Amino acid sequence: MIHSSTSNKKTMASELPAWQALKEHVTEVDATHLRDLLHDDQRCMDLIKESEGIYVDLTRQRVTPKTLDLLYDLADQAGLKNKINAMFSGEHINSTEDRAVLHVATRARRDQKIIVDGKDVVPDVWEVLDKIKNFTDKVRNGQFVGVTGKPLKKVVAIGIGGSFLGPLFVHTALRTEPNAMRASRDRTLRFLANVDPIDVARALDGLDPEETLVVVISKTFTTAETMLNARTVRSWLIERLGANAVEKHMVAVSTNLKLVKEFGIDPENAFGFWDWVGGRYSVCSAVGILPLALQYGFDIMQEFLAGANNMDEHFKNQPFYNNLPVLIGLLSIWNVSFMGYGAKAILPYCQALSKLAPHIQQVDMESNGKGVDINGQRLPFETGEIDFGEPGTNGQHSFYQLIHQGRVVPCEFIGIVRSQQSVYLKGEVVSNHDELMCNFFAQADALAYGKTQEQLRSENVPDYLIPHRVFTGNRPSMSIMLPSCTAYTVGQLLALYEHRIAVQGFIWNINSFDQWGVELGKVLASKVRTVMNSARTRDRKVLPGDGFNYSTTRMINRYLEGKTQ
Ligand code: F6P
């Protein structure tokens, strides 16, 4: 384990010569406009990458060839290659938790070897995957049935954060993919994440408990929301089907198999993973593969794993100038740390990818929203990005106004060449998918070029409207095109985003794999829980001596009194 002390000052990213050079370089880039940069064909050719079937156009980033050279220098000086190698070779790069970071092992091919603490973990990964295949096949073909003998066609996956967002993203991506649709006919997968009783009611609404299988997903098996929801659903099952229901209707995914057993779930129906898989990086472990294989079958999930593995190999082996996660990660560093763009918009022009932004919000913001570097030194610059997004074209009718004429927000457009679905209305000039993609192509240029006063004048726009209708342009974006939206390409896309986030953390020299920032709120909620419970059982108010300030005391009392006005 690497221990460090703030008294032994270590070099920070911002002290590297390339960081300084990039800072100075900003004025040169500020003097350019994307309108002109896009007319330099050689620059454009160099900024378009085609790799692993994925087409990435970086020409609308506010960069010159010099910017890229300086970013490669920064990568070298930050030891990026060594850090990537350290991750893949199972070093404990998550130093504050003394853990390896090996989500890549969860999608390793059977013939790969990945060593953690002297042990090849790939056989363990495949032991769990084989168990998932065996179990999900039996559920899907009706060999494993509920207590009353009915097939288990409805699945409720209970989990939150990384034990929810990744599986939800992949489920949403596959729902309308033709092979996945065929494989999931007559089956239902729902998620229960929030401890809000409304979410419980919605998740269980209309379900027949006799046909319902509940998957409790929690790395720690201690997360308050998940465990309360698991107890609630357990009692829903027991009330309707009797005490034996748990054995046949509840299964679990966790690293804490002892607590799973204590909860009453048959250890045979528990699917493990390992502390070297971070929660937000766990969708390729049993966390995602179990519920998704119940819905779509194991073969489709194997394609998803193969896609993620393809991007892992690309990230590990490709030189930086051709390495998609490295390039995209370096450009994000440029945008955040040098150009001062603190947010980014993730804009898939594909409804199936509508849960990409919420998933990446957790992966990115929980990973890179840090205040100190890996050595515990307070950072003199901000890390992380504020991520948000909606599928196009919906977003265009919502927040694009701000993106076009308000703040500068680098945009990531994701388009699909062949849609999962085709609708072509006779008599229409273009299909629905063509229409969608027309917008995908148009938005990137609208942001880059903008519209000048001169153009508006030549269109006879009245003077008083000109300031309102000017678009400054010069707003950066990148465009990613996937050949299709299948289990395989969704796996590639997921790993592309995971690794670009790691690249950013490696350059900023932070620990992207811990999440101490979520702890304080959890501890305070537990204090509120104790005081609320004691006030309720003694039928009294929360008192000033209970340890809360005036504001919190008054709010809790208002809630306890049930006051609505
Ligand atoms: O909210 C923080 C967090 O620890 C996430 O990192 C994690 O994905 C989530 O809670 C759920 O944790 P668990 O899988 O242990 O229930």
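These legends walk through several close-up views of a predicted model. Local features are described where pLDDT is at least 70, side-chain atom pairs count only at pLDDT 80 or more, and totals for chains, interfaces and linings use all residues. Residues are numbered from 1 along each chain as its sequence is written.

**View 1. The shell around the ligand.** Here 14 residues surround the ligand, each with its C-beta atom, placed from the backbone, within 6 Å of it. The closest are Gly161, Gly162, Ser218, Thr223 and Gly279. Sorted by class, the shell has two nonpolar, nine polar and three charged residues. In this scheme Ala, Val, Leu, Ile, Met, Phe, Trp, Tyr, Cys and Pro are nonpolar, Asp, Glu, Lys and Arg are charged, and the others, Gly among them, are polar.

**View 2. Helix 21, end to end.** Helices here are DSSP runs (H or I, at least four residues) and strands are too (E, at least two), numbered from the N terminus. Since 22 of its 22 residues are buried, helix 21 is largely enclosed by the rest of the structure. Buried means 20 or more other C-beta atoms within 10 Å of a residue's own, exposed means 12 or fewer, and partly exposed is in between, with C-beta atoms placed from the backbone.

**View 3. Strand 13 and its partners.** Strand 13 (residues 477-484) runs antiparallel to strand 2 (residues 54-57), joined by three bridges; strands count as paired when DSSP finds at least two bridges between them. Asp57 has Ser479 as its bridge partner in strand 13. Strand 12 (residues 411-418) pairs with strand 13 in the parallel sense over seven bridges, and Glu412 stands opposite Met478.

**View 4. Ala18 in helix 1.** Ala18 belongs to helix 1 (residues 17-30) and counts as buried, with 20 C-beta neighbours inside 10 Å. Its C-alpha is 5.0 Å from that of Leu74, 56 residues away in sequence.

View 5. Most residues other than glycine have a negative phi, and most peptide bonds are trans. Glu52, however, has a positive phi of about 55°, and this residue is partly exposed, with 16 other C-beta atoms within 10 Å. Asn460 has a positive phi near 65° and counts as exposed, with 6 C-beta neighbours inside 10 Å. The peptide bond from Gly392 to Thr393 is cis, with omega near 5°.
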